[in-house]
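Welcome! Here is a short tour of a protein model, arranged by topic. Please keep the structure open beside you while you read.

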Amino acid sequence: MTNQPYDGYDPYGQQPQTPQGWPGQGYQQGHQGYDDPYAAQQYAQQWQGQTWETQSQSPVSAQVTAAEETAYLPPQGYVANASAPTPPSAAGYGPATVAGNPRVTDAQRARAEGRSPIIEPGMQPAALTALLGLLLAGAAAVGTYALLVPLVVLQAVTAAGWFRLNGMWPARQGIALGFAGALAADAALLASGRSPSAILGTLGVWVLLALVLQLRSHADPDERMYGLMATVAASALAIVAGGYLAADAEAVTVGAIAVAVAVLARALPLPTPASVVVALLAGAGGGVAAGSLTGLGTSGALLGTGAAACALIGHRVAGYDYPSRFVHFTAGVALPLSAAAPVVYVLGRALV
(Lines give C-alpha, C1' and ligand atoms only; values in the text may rest on other atoms or scores of the structure.)
Protein backbone atom coordinates (compact mmCIF):
# COMPACT_ATOMS: atom_id res chain seq x y z
CA MET A 1 0.00 0.00 0.00
CA THR A 2 1.41 3.36 -0.98
CA ASN A 3 1.37 6.15 1.54
CA GLN A 4 -1.04 8.93 0.64
CA PRO A 5 -0.50 12.44 1.95
CA TYR A 6 -3.03 13.39 4.63
CA ASP A 7 -5.44 15.93 3.25
CA GLY A 8 -7.85 16.17 6.21
CA TYR A 9 -10.59 14.17 4.51
CA ASP A 10 -12.57 11.65 6.52
CA PRO A 11 -13.94 8.88 4.24
CA TYR A 12 -16.89 8.36 6.61
CA GLY A 13 -18.38 11.74 5.80
CA GLN A 14 -17.42 13.62 8.96
CA GLN A 15 -15.97 17.12 9.14
CA PRO A 16 -12.38 17.62 7.98
CA GLN A 17 -9.94 17.21 10.84
CA THR A 18 -6.89 19.37 11.43
CA PRO A 19 -3.68 17.27 11.51
CA GLN A 20 -2.29 16.97 15.00
CA GLY A 21 1.25 17.48 16.09
CA TRP A 22 2.14 20.15 13.51
CA PRO A 23 2.89 23.24 15.59
CA GLY A 24 3.82 26.23 13.56
CA GLN A 25 2.41 24.62 10.42
CA GLY A 26 -1.03 24.48 8.83
CA TYR A 27 -2.68 23.64 5.59
CA GLN A 28 -0.60 24.19 2.53
CA GLN A 29 -3.65 24.10 0.29
CA GLY A 30 -4.77 27.69 0.02
CA HIS A 31 -3.95 28.76 3.64
CA GLN A 32 -0.85 30.01 5.34
CA GLY A 33 0.47 28.35 8.47
CA TYR A 34 -0.37 29.64 11.92
CA ASP A 35 2.56 30.64 14.10
CA ASP A 36 0.21 31.19 16.97
CA PRO A 37 -2.02 28.22 17.88
CA TYR A 38 -4.81 30.69 18.72
CA ALA A 39 -4.56 32.60 15.49
CA ALA A 40 -6.73 30.06 13.72
CA GLN A 41 -9.70 31.24 15.76
CA GLN A 42 -10.11 34.30 13.57
CA TYR A 43 -11.39 31.99 10.84
CA ALA A 44 -14.89 30.97 11.78
CA GLN A 45 -16.49 27.77 10.61
CA GLN A 46 -19.12 28.07 7.94
CA TRP A 47 -22.46 26.28 8.19
CA GLN A 48 -22.87 23.93 5.26
CA GLY A 49 -26.51 22.93 5.76
CA GLN A 50 -29.40 24.21 3.66
CA THR A 51 -31.77 26.36 5.68
CA TRP A 52 -34.23 29.11 4.77
CA GLU A 53 -31.53 31.63 5.49
CA THR A 54 -28.64 30.05 3.58
CA GLN A 55 -30.78 29.46 0.55
CA SER A 56 -31.33 33.18 0.03
CA GLN A 57 -27.97 34.63 1.00
CA SER A 58 -24.31 33.77 1.32
CA PRO A 59 -23.05 32.19 4.56
CA VAL A 60 -21.93 34.54 7.26
CA SER A 61 -19.33 34.25 9.97
CA ALA A 62 -20.55 32.30 12.99
CA GLN A 63 -18.41 34.08 15.53
CA VAL A 64 -19.71 37.53 16.45
CA THR A 65 -18.10 39.66 19.08
CA ALA A 66 -20.04 41.71 21.60
CA ALA A 67 -19.13 44.91 19.81
CA GLU A 68 -20.43 43.55 16.52
CA GLU A 69 -23.75 42.57 18.06
CA THR A 70 -24.43 46.11 19.25
CA ALA A 71 -23.30 47.84 16.07
CA TYR A 72 -25.68 49.17 13.48
CA LEU A 73 -23.99 47.28 10.63
CA PRO A 74 -22.97 43.64 10.79
CA PRO A 75 -19.34 42.85 9.93
CA GLN A 76 -18.27 41.86 6.48
CA GLY A 77 -18.32 38.08 6.68
CA TYR A 78 -19.75 37.20 3.27
CA VAL A 79 -17.59 34.94 1.20
CA ALA A 80 -17.92 33.57 -2.29
CA ASN A 81 -17.08 30.00 -1.31
CA ALA A 82 -17.92 28.37 2.01
CA SER A 83 -14.85 26.11 1.77
CA ALA A 84 -12.50 29.09 1.86
CA PRO A 85 -13.52 31.44 4.70
CA THR A 86 -12.43 35.02 4.32
CA PRO A 87 -11.13 36.74 7.49
CA PRO A 88 -12.71 40.03 8.49
CA SER A 89 -11.06 43.19 7.33
CA ALA A 90 -8.89 45.31 9.54
CA ALA A 91 -11.56 47.95 9.90
CA GLY A 92 -14.08 45.32 11.01
CA TYR A 93 -17.06 46.88 9.23
CA GLY A 94 -17.78 47.74 5.66
CA PRO A 95 -19.45 50.83 4.24
CA ALA A 96 -23.13 51.39 4.89
CA THR A 97 -24.01 50.86 1.25
CA VAL A 98 -22.37 47.44 1.00
CA ALA A 99 -24.22 45.33 -1.54
CA GLY A 100 -25.70 41.95 -0.82
CA ASN A 101 -26.46 42.56 2.86
CA PRO A 102 -30.23 42.27 3.39
CA ARG A 103 -29.95 42.72 7.16
CA VAL A 104 -29.06 46.41 6.85
CA THR A 105 -32.25 48.49 6.93
CA ASP A 106 -32.61 51.90 5.36
CA ALA A 107 -32.73 53.50 8.80
CA GLN A 108 -29.49 51.76 9.85
CA ARG A 109 -27.80 52.78 6.63
CA ALA A 110 -28.92 56.39 7.14
CA ARG A 111 -27.50 56.44 10.68
CA ALA A 112 -24.21 54.90 9.57
CA GLU A 113 -23.84 57.47 6.80
CA GLY A 114 -24.54 60.36 9.14
CA ARG A 115 -28.01 61.08 7.79
CA SER A 116 -31.17 61.45 9.83
CA PRO A 117 -33.43 58.37 9.85
CA ILE A 118 -36.42 60.72 10.11
CA ILE A 119 -38.00 61.77 6.82
CA GLU A 120 -40.70 64.41 6.80
CA PRO A 121 -43.89 63.37 4.96
CA GLY A 122 -43.70 66.32 2.59
CA MET A 123 -46.19 68.62 0.91
CA GLN A 124 -48.48 66.04 -0.74
CA PRO A 125 -49.43 64.25 2.53
CA ALA A 126 -49.76 67.67 4.15
CA ALA A 127 -52.18 68.71 1.44
CA LEU A 128 -54.25 65.58 2.04
CA THR A 129 -54.24 66.30 5.78
CA ALA A 130 -55.42 69.83 5.11
CA LEU A 131 -58.15 68.54 2.80
CA LEU A 132 -59.35 66.04 5.39
CA GLY A 133 -59.23 68.74 8.08
CA LEU A 134 -61.33 71.07 5.99
CA LEU A 135 -63.83 68.26 5.39
CA LEU A 136 -64.06 67.72 9.15
CA ALA A 137 -64.53 71.44 9.74
CA GLY A 138 -67.23 71.79 7.10
CA ALA A 139 -69.04 68.61 8.13
CA ALA A 140 -69.07 69.69 11.78
CA ALA A 141 -70.87 72.86 10.76
CA VAL A 142 -73.49 70.81 8.90
CA GLY A 143 -74.31 68.29 11.63
CA THR A 144 -73.30 65.25 13.63
CA TYR A 145 -74.06 62.62 11.00
CA ALA A 146 -72.30 64.64 8.32
CA LEU A 147 -69.21 64.74 10.53
CA LEU A 148 -69.34 60.97 10.83
CA VAL A 149 -68.35 60.45 7.16
CA PRO A 150 -64.87 62.10 7.16
CA LEU A 151 -64.33 60.88 10.72
CA VAL A 152 -64.68 57.23 9.70
CA VAL A 153 -62.18 57.80 6.89
CA LEU A 154 -59.76 59.36 9.36
CA GLN A 155 -60.10 56.43 11.76
CA ALA A 156 -59.54 53.82 9.04
CA VAL A 157 -56.41 55.54 7.73
CA THR A 158 -55.13 55.96 11.29
CA ALA A 159 -55.40 52.24 12.08
CA ALA A 160 -53.74 51.17 8.82
CA GLY A 161 -51.00 53.79 9.00
CA TRP A 162 -49.96 52.96 12.54
CA PHE A 163 -49.40 49.28 11.74
CA ARG A 164 -47.36 50.10 8.66
CA LEU A 165 -45.36 52.69 10.59
CA ASN A 166 -44.33 49.92 12.99
CA GLY A 167 -43.22 47.69 10.12
CA MET A 168 -46.11 45.25 10.53
CA TRP A 169 -47.60 44.52 7.13
CA PRO A 170 -49.74 42.78 6.21
CA ALA A 171 -51.62 42.96 9.51
CA ARG A 172 -55.23 42.71 8.44
CA GLN A 173 -56.49 41.37 11.74
CA GLY A 174 -54.88 44.14 13.77
CA ILE A 175 -56.05 46.84 11.38
CA ALA A 176 -59.55 45.41 11.35
CA LEU A 177 -59.58 45.22 15.15
CA GLY A 178 -58.48 48.85 15.53
CA PHE A 179 -60.98 50.09 12.99
CA ALA A 180 -63.76 48.02 14.58
CA GLY A 181 -62.95 49.66 17.91
CA ALA A 182 -63.29 53.07 16.31
CA LEU A 183 -66.66 52.18 14.83
CA ALA A 184 -67.81 50.82 18.18
CA ALA A 185 -66.76 54.06 19.87
CA ASP A 186 -68.63 56.12 17.29
CA ALA A 187 -71.78 54.05 17.80
CA ALA A 188 -71.46 54.38 21.57
CA LEU A 189 -71.03 58.14 21.25
CA LEU A 190 -74.16 58.47 19.15
CA ALA A 191 -76.15 56.22 21.47
CA SER A 192 -75.04 58.07 24.61
CA GLY A 193 -75.61 61.57 23.32
CA ARG A 194 -71.89 62.17 22.56
CA SER A 195 -70.74 61.41 26.09
CA PRO A 196 -66.92 61.10 26.40
CA SER A 197 -67.35 58.10 28.70
CA ALA A 198 -68.25 56.09 25.59
CA ILE A 199 -64.70 56.61 24.30
CA LEU A 200 -63.11 55.52 27.59
CA GLY A 201 -65.38 52.50 27.90
CA THR A 202 -64.70 51.34 24.35
CA LEU A 203 -60.98 51.86 24.81
CA GLY A 204 -60.93 49.68 27.92
CA VAL A 205 -62.90 46.90 26.26
CA TRP A 206 -60.66 46.92 23.18
CA VAL A 207 -57.45 46.78 25.22
CA LEU A 208 -58.79 43.70 26.99
CA LEU A 209 -59.88 42.17 23.68
CA ALA A 210 -56.46 42.73 22.13
CA LEU A 211 -54.81 41.14 25.16
CA VAL A 212 -57.00 38.04 24.92
CA LEU A 213 -56.35 37.65 21.20
CA GLN A 214 -52.58 37.91 21.67
CA LEU A 215 -52.63 35.35 24.47
CA ARG A 216 -54.26 32.90 22.07
CA SER A 217 -51.52 33.46 19.50
CA HIS A 218 -48.87 30.77 18.93
CA ALA A 219 -46.14 33.24 17.98
CA ASP A 220 -42.97 33.86 19.96
CA PRO A 221 -43.37 35.85 23.20
CA ASP A 222 -41.47 38.84 21.84
CA GLU A 223 -43.55 38.87 18.68
CA ARG A 224 -46.76 38.59 20.66
CA MET A 225 -45.78 41.52 22.87
CA TYR A 226 -44.86 43.61 19.86
CA GLY A 227 -48.16 42.78 18.18
CA LEU A 228 -50.07 43.55 21.37
CA MET A 229 -48.52 47.00 21.72
CA ALA A 230 -49.10 47.83 18.05
CA THR A 231 -52.72 46.67 18.23
CA VAL A 232 -53.44 48.60 21.42
CA ALA A 233 -51.81 51.78 20.08
CA ALA A 234 -53.61 51.59 16.73
CA SER A 235 -56.95 50.96 18.45
CA ALA A 236 -56.37 53.77 20.93
CA LEU A 237 -55.49 56.31 18.24
CA ALA A 238 -58.46 55.35 16.08
CA ILE A 239 -60.84 55.43 19.05
CA VAL A 240 -59.48 58.70 20.44
CA ALA A 241 -60.04 60.30 17.04
CA GLY A 242 -63.72 59.98 17.90
CA GLY A 243 -63.18 62.98 20.16
CA TYR A 244 -64.18 65.11 17.19
CA LEU A 245 -67.61 63.52 17.42
CA ALA A 246 -67.84 64.25 21.15
CA ALA A 247 -66.60 67.84 20.90
CA ASP A 248 -68.71 70.89 20.15
CA ALA A 249 -69.15 71.74 16.48
CA GLU A 250 -67.45 75.13 16.90
CA ALA A 251 -64.39 73.56 18.51
CA VAL A 252 -64.14 70.95 15.74
CA THR A 253 -64.25 73.63 13.08
CA VAL A 254 -61.57 75.75 14.75
CA GLY A 255 -59.31 72.81 15.61
CA ALA A 256 -59.52 71.14 12.21
CA ILE A 257 -58.75 74.39 10.38
CA ALA A 258 -55.82 75.08 12.71
CA VAL A 259 -54.39 71.60 12.05
CA ALA A 260 -54.80 72.06 8.30
CA VAL A 261 -52.95 75.37 8.29
CA ALA A 262 -50.23 74.19 10.69
CA VAL A 263 -49.40 71.05 8.71
CA LEU A 264 -49.16 73.01 5.46
CA ALA A 265 -46.82 75.50 7.11
CA ARG A 266 -44.75 72.65 8.55
CA ALA A 267 -44.23 71.22 5.06
CA LEU A 268 -42.58 74.42 3.80
CA PRO A 269 -38.87 74.09 2.94
CA LEU A 270 -37.56 75.77 6.09
CA PRO A 271 -35.12 74.70 8.81
CA THR A 272 -36.82 72.50 11.38
CA PRO A 273 -36.83 74.99 14.32
CA ALA A 274 -38.11 77.80 12.11
CA SER A 275 -40.67 75.49 10.51
CA VAL A 276 -42.08 74.47 13.91
CA VAL A 277 -42.42 78.08 15.02
CA VAL A 278 -44.07 79.09 11.77
CA ALA A 279 -46.46 76.14 12.01
CA LEU A 280 -47.50 77.06 15.56
CA LEU A 281 -48.05 80.67 14.57
CA ALA A 282 -50.03 79.56 11.54
CA GLY A 283 -52.17 77.32 13.74
CA ALA A 284 -52.87 80.18 16.11
CA GLY A 285 -53.74 82.45 13.21
CA GLY A 286 -56.01 79.83 11.71
CA GLY A 287 -57.68 79.43 15.09
CA VAL A 288 -58.33 83.16 15.33
CA ALA A 289 -59.74 83.27 11.81
CA ALA A 290 -61.99 80.28 12.38
CA GLY A 291 -62.94 81.53 15.84
CA SER A 292 -64.20 84.79 14.40
CA LEU A 293 -66.55 82.78 12.16
CA THR A 294 -67.81 80.43 14.86
CA GLY A 295 -68.14 82.90 17.70
CA LEU A 296 -65.12 81.85 19.74
CA GLY A 297 -63.28 85.07 18.96
CA THR A 298 -59.76 85.34 20.32
CA SER A 299 -60.24 82.13 22.30
CA GLY A 300 -59.76 80.37 19.01
CA ALA A 301 -56.08 81.30 19.16
CA LEU A 302 -55.57 79.09 22.24
CA LEU A 303 -57.53 76.24 20.74
CA GLY A 304 -55.71 76.57 17.44
CA THR A 305 -52.29 76.61 19.10
CA GLY A 306 -53.06 73.52 21.17
CA ALA A 307 -54.40 71.63 18.16
CA ALA A 308 -51.41 72.68 16.06
CA ALA A 309 -48.94 71.51 18.74
CA CYS A 310 -50.53 68.06 18.89
CA ALA A 311 -50.66 67.91 15.11
CA LEU A 312 -46.92 68.60 14.92
CA ILE A 313 -46.29 65.72 17.32
CA GLY A 314 -48.29 63.37 15.12
CA HIS A 315 -46.51 64.72 12.07
CA ARG A 316 -43.14 64.00 13.68
CA VAL A 317 -44.11 60.46 14.64
CA ALA A 318 -45.17 59.73 11.07
CA GLY A 319 -41.68 60.61 9.82
CA TYR A 320 -39.78 58.47 12.33
CA ASP A 321 -37.23 55.80 11.38
CA TYR A 322 -37.07 56.13 7.61
CA PRO A 323 -40.72 55.41 6.73
CA SER A 324 -41.98 54.38 3.34
CA ARG A 325 -44.15 56.34 0.95
CA PHE A 326 -47.14 54.29 2.06
CA VAL A 327 -46.56 55.44 5.64
CA HIS A 328 -46.44 59.06 4.55
CA PHE A 329 -49.78 58.76 2.78
CA THR A 330 -51.49 56.97 5.68
CA ALA A 331 -49.92 57.78 9.04
CA GLY A 332 -48.53 61.06 7.70
CA VAL A 333 -52.02 62.13 6.70
CA ALA A 334 -54.03 60.84 9.66
CA LEU A 335 -51.81 61.15 12.75
CA PRO A 336 -51.77 64.97 12.90
CA LEU A 337 -55.57 65.07 12.99
CA SER A 338 -55.95 62.06 15.31
CA ALA A 339 -53.43 63.42 17.80
CA ALA A 340 -55.25 66.77 17.95
CA ALA A 341 -58.67 65.27 18.74
CA PRO A 342 -58.29 65.10 22.57
CA VAL A 343 -57.12 68.74 22.76
CA VAL A 344 -59.97 69.86 20.54
CA TYR A 345 -62.46 68.20 22.88
CA VAL A 346 -60.90 69.39 26.16
CA LEU A 347 -60.20 72.99 25.13
CA GLY A 348 -63.48 73.16 23.24
CA ARG A 349 -65.45 72.27 26.38
CA ALA A 350 -63.44 74.81 28.39
CA LEU A 351 -63.73 77.68 25.92
CA VAL A 352 -67.13 77.28 24.29
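Helix axes are lines fitted to C-alpha atoms over the stretch in contact, and angles between N-to-C directions run from 0 to 180 degrees. With that in hand, α11 and α13 pack at an angle of about 150°, their axes lying 7 Å apart. This is a predicted model, where local features need pLDDT of at least 70 and side-chain atom pairs count only at pLDDT 80 or more, while totals for chains, interfaces and linings use all residues. Residues are numbered from 1 along each chain as its sequence is written, and side-chain values use heavy atoms, leaving out hydrogens and water.

**The overall picture**

- The protein chain has 13 helices and zero strands; helices (H or I, at least four residues) and strands (E, at least two) are DSSP runs numbered from the N terminus.
- Of the 352 residues in the protein chain, 38% are buried (buried means under 20% relative accessible area, exposed over 50%, and partly exposed in between, with a 1.4 Å probe and protein chains only).
- Looking at contacts (heavy atoms within 4.5 Å) between residues at least 6 apart in sequence, 66% join residues at least 24 apart.

**The nonpolar cores**

- A nonpolar core is a set of buried Ala, Val, Leu, Ile, Met, Phe, Trp, Tyr and Cys residues joined through side-chain atoms within 4.5 Å.
- The largest such core holds 43 residues, and L136, L154 and Y244 have the most contacts inside it.
- A second, separate core has 13 residues, among them F163, A171, A230 and A234.
- Beyond its neighbours within four places in sequence, Y244 contacts L136, L147, L151, L154, V252, L337, A340, A341 and V344.

- Helix α11 covers residues 299-318, and its 20 residues should span 28 Å at 1.5 Å a residue; the end C-alpha atoms are 29 Å apart, which agrees. The expected span is 1.5 Å times one less than the number of residues.
- The buried residues of α11 include G300, L303, G304, G306, A307 and A308, as well as C310, A311 and L312.
- Covering the buried residues of α11 are elements including α4 (144-165), α9, α10 (272-294), α12 (325-328) and α13 (331-351).
- α11 and α13 are therefore roughly antiparallel to each other (angles under 35 degrees count as roughly parallel, over 145 as roughly antiparallel, 65 to 115 as roughly perpendicular and the rest as oblique).
- The crossing of α11 past α13 is right-handed. A crossing is right-handed if the near helix is turned clockwise from the far one by less than a right angle, and left-handed if anticlockwise.
- Where they meet, α11 contributes residues including S299, L302 and L303, and α13 contributes residues including A331, G332 and L335.

**Helices α9 and α10**

- α10 has 23 residues and reaches 32 Å from first C-alpha to last, close to the 33 Å expected at 1.5 Å a residue.
- Among the buried residues of α10 are S275, A279, A282 and G283, and the buried residues of this helix pack against α9 and α11.
- The axes of α9 and α10 come within 7 Å and cross at roughly 150°. That makes α9 roughly antiparallel to α10.
- Contact between the two involves, among others, T253, I257 and V261 of α9 and A279, A290 and T294 of α10.
- α9 passes α10 in a right-handed crossing.
- T253 lies in helix α9, residues 249-266, and is buried, with a relative accessible area of 10%.
- Not counting residues up to four places away in sequence, T253 touches A137, A140, A141, A290 and T294.
- After α10 comes G295, whose phi is positive, near 95°.

- R194 sits in the loop between α5 (172-191) and α6 (197-215), and is partly exposed at 29% relative accessible area.
- Most residues other than glycine have a negative phi. The phi of R194 is near 60°, a positive value in a residue other than glycine.
- A247 is in the loop between α8 (243-246) and α9, and counts as buried at 2% relative accessibility.
- Leaving out residues up to four places away in sequence, A247 touches R194, V252, V344 and Y345.
- A247 and P196 are 51 residues apart in sequence, with 8.7 Å between their C-alpha atoms.
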